[in-house]
Amino acid sequence: MGIFSKLFKKGEKLTQEQIDEIEAKVEETQKKYSKEEKLSAELPKHIEKKVEQGEINPKQKEILKQREEAHETIKKSEHIVKGEHVHEFVKTGIPGFDELFENGIPKGTSTLICGGPGSGKTIMGLQMLNYAAQKGEKCIYMTFEENEEKLRQHMEDFGWDWRKLEKQGNFVIKRYDPFQITRSVEALLEKAKGELMIDVSPVLFPEGFKPDWVVIDSVTAIASAFYGREETYRIYIEQLFRLLEDLGATSFLITESTQLPVRITESGVEEFLSDGVIILYNIKSGNVRESAVEILKMRGAGFQKKIVAMKIEAGKGIVVYPEQDVFGET
């Protein structure tokens, strides 16, 4: 089995040595085929036509065919993140937002959604889960502030059929008491006799439910419950990120900020542990407010680095306008 055949096994973990070998082979392939005959890699039917017309010979045809295969290999190699595994990509289903990414959001990563009050964080979380659940994926919205009925009403307002998704077993909204989480974590730490590794899963997901997508609303509420116990919170949040990674769940953690965020979170731990940061803006301009979105960070994914317009529209939810820069180049 060749190196590339081994590489694309789903979930394969790569050593640094394997990654270096892959990159060397890709570079070697690029150099090799960039020197061959100076012919463009055309579509197969065009190649066949040129062979028939005598414009290229069978040897040149084979070179073109090999170049096409090399380009596909190079394209796949762009999904590699050093020290991690080969990524699949997921779409959010938010109109215009997915266009800001080259391929999508890397599956199994954790992303912070940051913004001030009324910026659309909760709607973005519900909208993404509604889209994923419709495709048959297991989704959970973990709320530490709003009650379940209010969130379900939000979904109804936008025409999202939560009843059908819940009946199918693909969608769960569950409310948690952040202070109960605090007490449970402290009990687990006591049981572990001060160890830094604890199993936080018993205080998170319903029994027997393994989610593909998770939204946590909000990290700010959890952090507030740990006030005065910063070290305990740090241990908890680190283990939470570790659990989400081990599950392979694509997760989004909502955090409150000022309207123009200077700091993403109070502790700074979350943005260090997260793979991505999305910022939602709701800026007052004269007598109106202007909504916008920015992808600040996304490990393992190409994305447009700019702040673009967005709206929360009745019957649709969030709609992003990727060609409309709000504050110019960033």
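Start by selecting R152 and W162: R152 lies over the face of W162, at 5.0 Å from the ring centre. Keep in mind throughout the tour that this is a predicted model.

Next, pick K174 and Y176. Here K174 lies over the face of Y176, with 5.5 Å to the ring centre.

Now for rings beside rings. How many aromatic pairs does a search of the whole structure find? It finds 6. Planes under 30 degrees apart count as stacked. Follow the chain on both sides: F144 lies in the loop between β4 (139-143) and α6 (148-157), while Y176 lies in the loop between β5 (171-175) and α8 (178-191), so the pair ties together parts that are 32 residues apart in sequence. Are F144 and Y176 buried or exposed? Both F144 and Y176 are buried.

For the next stop, select F226 and Y236. This aromatic pair is also stacked, at 5.6 Å centre to centre and 25° between the planes. F226 sits in the loop between α9 (219-225) and α10 (230-247), and Y236 sits in helix α10, 10 residues apart. F226 counts as buried because its relative accessibility is 1%. Y236 is buried too, with a relative accessible area of 0%.

Methods. Residues are numbered from 1 along each chain as its sequence is written. This is a predicted model: local features need pLDDT of at least 70, side-chain atom pairs count only at pLDDT 80 or more; totals for chains, interfaces and linings use all residues. Side-chain values use heavy atoms; hydrogens and water are left out. Rings of Phe, Tyr and Trp (its six-membered ring) pair if their centres lie within 6.5 Å; planes under 30 degrees apart count as stacked, over 60 as edge-to-face and the rest as tilted. Helices (H or I, at least four residues) and strands (E, at least two) are DSSP runs, numbered from the N terminus. Buried means under 20% relative accessible area, exposed over 50%, partly exposed in between (1.4 Å probe, protein chains only). A charge sits over a ring if NZ of Lys or CZ of Arg is within 6 Å of the ring centre and within 35 degrees of the ring normal.
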